[in-house]
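Here is a walk through one structure, from its chain contact down to its helix pairs. Keep the 3D view open as you read.

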Amino acid sequence: MTSLGTPIQGVTLYSFTRAFHARQYDLDGLIRKVAAEGFGPGLEVIGFSSLRGFPDRIDDNFVGQFRDLVAEVDLVPTSLAVNVDTGIRRDRLMNHDELVEYMRKQIEVAARLGFPIARVQISLTPDAMESLLPVAEKYGVTLALEVHADQHGAHERVLALRDRYEKLDSPLLGFTADWGATVTGFAPSLLEAYRRRGASEDLLRQVVELWDGFYAEGPPNTQKVHGERFGAFIGLAARNRRPDLGIDFAINGTGLFGPAPLDTWLEIMPWVRHVHGKFFGIDENGEEPSVPVRGLVRQLVENGYSGAISSEYEGWHWNNWQDPFEIIRGEQAVQRSAAANAGSAMITDATDARRILSSHLAQPVRG
Amino acid sequence: MIADRIIEQGTLTTQDGRTAVEVRIPWYRALPGSCIAGAALTVDGVAAPEDSLRWTMNNRTFSFEELVDETGEWWFPLDSAVLSGDLPVHDGQAEHEVRVDLKLYIPYIITDHGVLHIEEHDTKTMKVAQR
């Protein structure tokens, strides 16, 4: 029998994009704020968001300052989110060798800054992941490929990666599970944002009905089905004479609110090395109305997961009327309550978190 | 997406027929010049000619044609870039309506139709300063 997991509480600075972008906090100030609010101990950073000059111009002076700060405020670096910018050139996609070198530079920065995990993205094929394994081994960094809507744990691309991981049998190759893949409703705060942009109640009802229909049908298992759903949102907006909202409906309705059932995570659970606790808002009852946070935490606990959960608030795209720090506080309270209800606890002590994260990442996938 | 922050309030300047405004990235992460695919600068309904537009970031100035191959200079989320073009703006006392359109490629999202690109715009009203 699997023993109960003890997930580590944490946050990604992505949750505070609006405040950082508005220059309300610099990187130093934001990390201090996260620590002071008790949103750690886990700390996740996106290289291209938070680190000026990433990855080519990160000098040793900056590395030293970053490590000193994290030690001073007693946070635990979990994941450096790196990007697979295959489409950086206008004339063609990157070739294989260019891509490996592009990723190597970012993974090296993760190691220098003290992050044990680099979050990578779905454009990496099984062959690319295999080519990156020596890089992961060289730097001692776990590569956790993010499973994000419109993909999910049982998607054909994800299963192909899982099968390659199984063959390669390295503890350094795994997944980041993003809760946005298993959403149960169109986020009410986004509907409110559309309302503020003049969308009629009738149009909003149709958006919810369309999404609910996709939820009932189940998640897209191929890129073709995903494309059809994307187009359906654009068509809906056009028919309602709000073509300006079409792309927004489509990107959010398919790319943020993935309709997969929770049990799709079981397909890849042994390879889940990191979790993005993606969510969109906290309602007047203190609950997340569209992401089943309680069920997701229970599933992780019952499956023995003792890695980090980075609370990842994504409502900032549209919600400019609520404080993201209060929203994170609310969501982490739900996580702690859910872990307790499942007979375990979230790890909130930094010393415990360091020990447990190290053990979580060192163990073989099939223990 | 933070499109309402593209134009920095109060940064419209003009000199000898060229007009400039400071712009912020409406995205959460840095992008290289090669992903800044196009822009338009319009003041009081008059657009600067496309071939006169220039983009300044990290103390370097580029035409949009030059940006196509520029993967070494990045637009960081905290930094203002400067968009400028041939556009006379005369009345220093009046409020001017400034509009900026931006087209950006999102290099890690590859769709069936190629690399995802987004088009965003912002309009703000402000006075112009003579440089």
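**Where the chains meet**

Contact between the chains involves 30 residues of chain B and 28 residues of chain A. This is a predicted model. The size of an interface is often given as the accessible area lost when the parts come together. Here chain B and chain A bury about 2700 Å² between them. Carbon and sulfur atoms give 54% of that area. On the chain B side, B:Tyr28, B:Phe76 and B:Leu78 lose the most area to chain A. Together these residues account for 24% of what chain B buries.

Charged pairs also span this interface. The count between chain B and chain A is 3 salt bridges. Look for B:Asp79, which forms a salt bridge with A:Arg52. Their closest N and O atoms are 2.5 Å apart.

At their interface, 17 residues of domain 1 are in contact with 15 residues of domain 2. The area buried between domain 1 and domain 2 is about 1300 Å², with 56% from carbon and sulfur atoms. Which three residues of domain 1 supply 46% of the area it buries against domain 2? They are A:Asp150, A:Trp318 and A:Trp321, and they supply more than any other three residues. How many salt bridges does the rule find across the interface of these domains? The count is 0.

Next come the helices. Two packed helices are described by the angle between their axes and the distance between the axes. In chain A, helix H10 (residues 223-239) and helix H11 (residues 246-255) pack at an angle of about 145°. Their axes are 8 Å apart. H10(A) passes H11(A) in a right-handed crossing. Among the residues that meet are A:Phe230 and A:Phe233 in H10(A), and A:Ile247 and A:Phe249 in H11(A). The residues of this contact divide into 8 nonpolar, 4 polar and 1 charged.

A further pair is helix H6 (residues 126-139) and helix H7 (residues 156-168) of chain A. Their axes cross at roughly 35° and come within 9 Å. The crossing of H6(A) and H7(A) is right-handed. H6(A) contributes residues including A:Met129, A:Glu130 and A:Leu133, while H7(A) brings A:Leu161, A:Arg164 and A:Leu168, among others. The contact of H6(A) with H7(A) has 7 nonpolar residues, no polar ones and 4 charged.

Technical notes: Residues are numbered from 1 along each chain as its sequence is written. Chains are lettered from A and ligands numbered from 1 in the order in which they are written. This is a predicted model: local features need pLDDT of at least 70, side-chain atom pairs count only at pLDDT 80 or more; totals for chains, interfaces and linings use all residues. Side-chain values use heavy atoms; hydrogens and water are left out. Axes are lines fitted to C-alpha atoms, for helices over the stretch in contact, and angles run from 0 to 180 degrees between N-to-C directions. Helices (H or I, at least four residues) and strands (E, at least two) are DSSP runs, numbered from the N terminus. A crossing is left-handed if the near helix is turned anticlockwise from the far one by less than a right angle, and right-handed if clockwise. Contact means heavy atoms within 4.5 Å. Ala, Val, Leu, Ile, Met, Phe, Trp, Tyr, Cys and Pro count as nonpolar, Asp, Glu, Lys and Arg as charged, and the others, Gly among them, as polar. Buried area is the accessible area (1.4 Å probe) that two parts lose on being put together, summed over both. A salt bridge is a side-chain nitrogen of Lys or Arg within 4 Å of a carboxyl oxygen of Asp or Glu.
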